[in-house]
Amino acid sequence: MTDTHATAFDPTLDLELRRETDVPPRLVWRAWTEPKLLMQWFTPAPWKTTACELDLRPGGQFHTVMEGPNGEKHDNNGCVLVVVPETFLLFTDALGPGFRPIEGGFMTASVTIEPTATGTLYIARAYHKDVAGKQQHEQMGFHEGWGKAWEQLVALARTL
């Protein structure tokens, strides 16, 4: 798949997690788009996603609450930008529902789900406005955290 739905990947500003699995694309999509499923894998353990609202349409809300093992709590608000069923999801924390600007926007993210001969190619990208934002996200543990969340997604999808 070419980058027809999102900003082209820029390695100076963006981060990428690329994985393959034997899980069918429709199950990866379900895990990403059904709030009850997303809550089970979205946050790397021992953190948990304790709330999720997802309105799968451009301008729809993408809201999660993440809670840490020591009582930390992160309330994340965002907006869905693009939805191509079972293939592509683009969302941002720079906008709220209805494309309304909100404070503290950090990134825009895309999820690409492509069928392969044996399952799914999964590409998750985080787009940042500047190098400092990318570096901050890397230092927060992007690769480890998103990688662990991916493993949790695959484990869950295999049970569906």
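Arginine 57 and aspartate 55 join their side chains in a salt bridge, 2.9 Å from N to O. This is a predicted model. The count of salt bridges comes to five. Glu16, Arg18 and Arg125 form a network of such bridges. The largest nonpolar core holds 33 residues.

- Arginine 57 is partly exposed, at 45% relative accessible area.
- Aspartate 55 is partly exposed too. Its relative accessible area is 29%.

- Glutamate 16 bridges to arginine 125, at 2.7 Å from N to O.
- Glutamate 16 sits in strand E1 (residues 14–21) and arginine 125 in strand E9 (residues 120–127), so this pair ties together parts 109 residues apart in sequence.
- Glutamate 16 also forms a salt bridge with arginine 18, where the closest N and O atoms are 3.3 Å apart.
- Side chains of opposite charge can pair when their charged atoms come close.

**The nonpolar core**
- Trp32, Trp41, Phe62 and Tyr122 touch the most other members of the largest core.
- Helix H4 (residues 142–157) gives the most to this core, contributing seven residues.
- Leaving out residues up to four places away in sequence, tryptophan 32 touches Trp41, Phe62 and Tyr122, among others.
- Further contacts of tryptophan 32 include Leu38, Phe42, Leu54, Leu89, Phe91, Val111 and Leu153.
- In soluble globular proteins, nonpolar side chains tend to be buried together.

Technical notes
Residues are numbered from 1 along each chain as its sequence is written. This is a predicted model: local features need pLDDT of at least 70, side-chain atom pairs count only at pLDDT 80 or more; totals for chains, interfaces and linings use all residues. Side-chain values use heavy atoms; hydrogens and water are left out. A nonpolar core is a set of buried Ala, Val, Leu, Ile, Met, Phe, Trp, Tyr and Cys residues joined through side-chain atoms within 4.5 Å. Buried means under 20% relative accessible area, exposed over 50%, partly exposed in between (1.4 Å probe, protein chains only). Helices (H or I, at least four residues) and strands (E, at least two) are DSSP runs, numbered from the N terminus. Contact means heavy atoms within 4.5 Å. A salt bridge is a side-chain nitrogen of Lys or Arg within 4 Å of a carboxyl oxygen of Asp or Glu.
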